[in-house]
Structure formats: C-alpha cells, structure tokens
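Hi,

Here is the structure I promised to pass on.

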Amino acid sequence: PVWTSGTTGTSVTENTAAGALVYTAAATDNTADVTSGPITYSLVAGDTEFDFNASNNQVTLALSPDYDTGPSSYQFTLRATDGVGNYTDRTVTVNIN
C-alpha cells in the first residue's frame, strides 16, 4: 500500500476533549494483488494517547492533552495492510497548541 494521507494530524489546543478527531487514514494499492481484498488499517504504536476506529479509519484523542504538563506533540503509527498481507507503516505527529 501507498499512503495518501499525510504525516501530520490535525493540531489541537490543550484541553481538547478526548474523542476529538485528529486523523483519517487513507492509502491506495496499485499492484496486481489488490484484487485479494481491501486495505485494512491498524494502530501499531501510540495506543495510550489515541484510539483508532477500524470501521471508519479515524484516529481520535484518547485523552485530553495538557500543553503545560505534557509534551507539545504526540505521535502514533498506523499500518496499512493489503489483501495479501503486504503492509506499510505511517508515523503521524499531532501538535498540541
């Protein structure tokens, strides 16, 4: 798979409520094996700060970030897997303002 969504998620202000959408995963697969099934996505790193909904490919905040006591950005890694098991990872940064 080839990622079409970027490496930066939506920036959020501190104290944004948990559940806020920060990223929607998207990738394409132009190889001959694409007929073996759709691309599926999974969260492979960053699971304490973020939640991933595989039904809509969206990443949301699992916590309410605090710029004053926490980091100024967080990262998570998603995996796009095609129907025959080929995969590509994408690390995404979400900045906290």
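In what order do the elements of the protein chain run from the N terminus on? They go β-β-β-β-β-β-β-β, and the count is zero helices and eight strands. Here helices (H or I, at least four residues) and strands (E, at least two) are DSSP runs, numbered from the N terminus.

A word on the source: this is a predicted model, where local features need pLDDT of at least 70 and side-chain atom pairs count only at pLDDT 80 or more, while totals for chains, interfaces and linings use all residues. Residues are numbered from 1 along each chain as its sequence is written, and side-chain values use heavy atoms, with hydrogens and water left out.

Three strands make an open sheet in the order 2-6-5, with antiparallel pairing; two strands pair if DSSP finds at least two bridges between them. Strand 2 (21–24) and strand 5 (50–53) are the edge strands, each pairing on one side only. Strand 5 is joined to strand 6 (residues 58–61) by four bridges, and Asp-51 sits opposite Thr-60 in strand 6.

As for the whole chain, its C-alpha atoms fill a box of roughly 50 × 20 × 15 Å along the principal axes. Of the 97 residues, 35% are buried (under 20% relative accessible area, 1.4 Å probe, protein chains only). Among contacts (heavy atoms within 4.5 Å) between residues at least 6 apart in sequence, 63% join residues at least 24 apart.

Cheers

Definitions and conventions:
Buried < 20%, exposed > 50% of the residue type's maximum accessible area, 1.4 Å probe, protein only.
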